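The sequence and the structure follow.

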Amino acid sequence: MAACAGIDFYRLDETLSDEERSVRDVVRAFVDREFLPLVREHFLAGTFPTDLIPRLGALGLLGASVQGPDCPGLSHTMYGLICRELERGDSGLRSFVSVQGSLVMWPIATFGSEEQKQRWLPELAAGKKIGCFGLTEADHGSDPGGMATTAVPDGGGWILHGGKLWITNADLADVAVVWARGPEGVSGFLIEKGTPGFTTAPIKGKWSLRASDTGELVFDEVRLPESCRLPGARGLKAPLSCLNEARYGIAWGAVGAACDCYDTALRYAGQRHQFDRPLTGFQLVQAKLVTMLTEITKAQALTLQLGRLKDRGVNETPLVSLAKRNNVDMALDCARTARDILGAAGITDEFSPGRHMANLESVRTYEGTHDIHTLIVGAGITGQSAFR
Ligand code: TGC
Ligand code: FAD
């Protein structure tokens, strides 16, 4: 089936600037022409299309809204539009861009020394180097504050010991942004591939996000000079603030996956006949399509307003959490409904909804599970944290 055009029932795109529309169109064309022809093969093989990484850089899609040397320096709304168009292709593609931009370039730009920024940001923006972000551990997922990876001062430097699990780009990365507990709380470190004692291992057998690299980071007495520490990152607040950036992109991205599911279902239902008429003629099928479109439209309005607020400097955690929580669940519902409308055909890889459905299960869990975002918004509106 041909690629999905944009879904824009409420003409929200009319409120975009010419530059925003142009960014959207560039990414849309890239996904249609360069990514979609590859995704099926990579999803089946369980690989990320690494050849496209420099192309993502050349198009200005890596660290789009990060401010730093040789970074694209686009607005937050443009970054959102980029994520939306990429995830229409696959959550794995948007994941790559989220990690590289929001979880690697953003902390280097925000907490890094001038030397760290000059050393890493230009090459990361160009897609010549790849990064990963290690916060989650085997025994500390939703509660990263309990992390067991340690950073012990050693002469003028540090010794890191421990490990991180479920890390996107673990095996591909040239540099890992790693969070560890030191004598003064949580600190962030930049660890280069090849540093003695630092190894990675891929996680195999995933049902979900197959076109994305996920793996483990192991630190066995890794010695690092002070110049590898992010000097501006102090305490758990530092890694958690990176998450706000990535969750924002996910809230937009999920809308893209939902649009592709809706579009696929609408077109299939128009062509498929049962009882001598197209499926689109049945009231129950129309109701399913209307529900999908309604929820997509609400989620589009939510993300656009969130982007406008962020561009004005409003960056409140509960606002981001509400959007991530709502939009990912909305997209999962759309993927399941689309798969249902496709009948048996929906279970094959000839159509995208089954792939999106599997991917979105990961998206519902990572960057804070659905439940965690419920509790973040709950704490925001009641003033009472239900965590501890
Ligand atoms: P808590 O006491 O609430 O917070 C500690 C300090 O951090 C501040 N803070 C934040 N700051 C900025 N942004 C946020 N989102 C923040 N959340 C909290 C907070 O104000 C406090 O500051 P201060 O100055 O008082 O010290 O911490 P807690 O230990 O009670 O935990 C709270 C909780 C559960 C909300 C948090 O830990 C959490 O968000 N858990 C979910 C973990 C998570 O999202 N992990 C994601 C790992 S990365 C990932 O999944 C990448 S997927 C990549 C891809 O492929 O796209
Ligand atoms: P747990 O925290 O064990 O949660 C299990 C269940 O318990 C969930 O339903 C959860 O909602 C519920 N639960 C937990 N606490 C509470 C509570 N207080 N109240 C109510 N319910 C609760 N991490 C990184 O650091 N970097 C990455 O690049 C990265 N990439 C990832 C890629 C993929 C494909 C996946 C699947 C995960 C990735 N993660 C990454 C890890 C991800 O952030 C964690 O999986 C996530 O934070 C949840 O942690 P957990 O899996 O340990 O689940």
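Which of the 16 residues around ligand 2 come nearest? They are Thr136, Ser142, Trp166, Thr369 and Asp371, where a residue is near a molecule if one of its heavy atoms lies within 4 Å of it.

## Basis of the model

This is a predicted model, in which local features need pLDDT of at least 70 and side-chain atom pairs count only at pLDDT 80 or more, while totals for chains, interfaces and linings use all residues. Residues are numbered from 1 along each chain as its sequence is written, chains are lettered from A and ligands numbered from 1 in the order in which they are written, and side-chain values use heavy atoms, with hydrogens and water left out.

## Surroundings of ligand 2

Polar contacts are pairs of N or O atoms within 3.5 Å; within protein, one must be able to donate a hydrogen and the other to accept it, and residues adjacent in sequence count only if both atoms are side-chain atoms. Threonine 136 places a polar side-chain atom 2.7 Å from a nitrogen atom of ligand 2. Backbone atoms also take part: a polar backbone atom of phenylalanine 133 is 2.9 Å from a nitrogen atom of the ligand, and a backbone N or O atom of tryptophan 166 lies 2.8 Å from a nitrogen atom of ligand 2. Of the 980 Å² of accessible area that ligand 2 has on its own, the protein covers 66% (Shrake-Rupley method with a 1.4 Å probe; for residues, only the protein chains shown count as cover).

Two or more residues of the shell around ligand 2 come from each of strand E3 (157-168), H9 and H10; helices (H or I, at least four residues) and strands (E, at least two) are DSSP runs, numbered from the N terminus. E3 supplies the largest share, 3 residues. By class, this shell holds 7 nonpolar, 7 polar and 2 charged residues. Here Ala, Val, Leu, Ile, Met, Phe, Trp, Tyr, Cys and Pro count as nonpolar, Asp, Glu, Lys and Arg as charged, and the others, Gly among them, as polar.

## Surroundings of ligand 1

Around ligand 1 there are 26 residues, of which Ser95, Thr168, Arg247, Gly368 and Arg388 come nearest. The side chain of arginine 247 has an N or O atom 2.7 Å from an oxygen atom of ligand 1. A polar backbone atom of glutamate 367 is 2.9 Å from an oxygen atom of the ligand, and a polar backbone atom of leucine 240 is 3.3 Å from a nitrogen atom of ligand 1. The protein covers 73% of the 1,100 Å² of accessible area that ligand 1 has on its own.

Helix H4 (91-111), helix H6 (237-271) and helix H10 (370-382) are the elements that give two or more residues to the shell around ligand 1. The most comes from H6, with 6 residues. In terms of class, the shell around ligand 1 contains 11 nonpolar, 10 polar and 5 charged residues.

## Residues with positive phi

Most residues other than glycine have a negative phi. Arginine 11 has a positive phi, near 55 degrees, and is placed in the segment before helix H1 (18-45). Leucine 209 likewise has a positive phi, of about 45 degrees; this residue lies in the loop between strand E6 (198-202) and strand E7 (214-224).

Are these two residues buried or exposed? Arginine 11 counts as exposed at 57% relative accessibility, whereas leucine 209 is buried, with a relative accessible area of 4%. Buried means under 20% relative accessible area, exposed over 50%, and partly exposed in between (1.4 Å probe, protein chains only).

## Further residues and separations

Aspartate 349 occupies the loop between helix H8 (317-341) and helix H9 (353-365) and is partly exposed, with a relative accessible area of 38%. Aspartate 349 and arginine 40 are 309 residues apart in sequence, yet their C-alpha atoms are 7.0 Å apart in space.

Aspartate 263 belongs to helix H6 and is buried, at 10% relative accessible area. The C-alpha atom of aspartate 263 is separated by 33 Å from that of alanine 170, 93 residues apart along the chain. Alanine 379, in helix H10, is partly exposed at 22% relative accessible area. Between the C-alpha atoms of alanine 379 and lysine 204, 175 residues apart along the chain, the separation is 36 Å.
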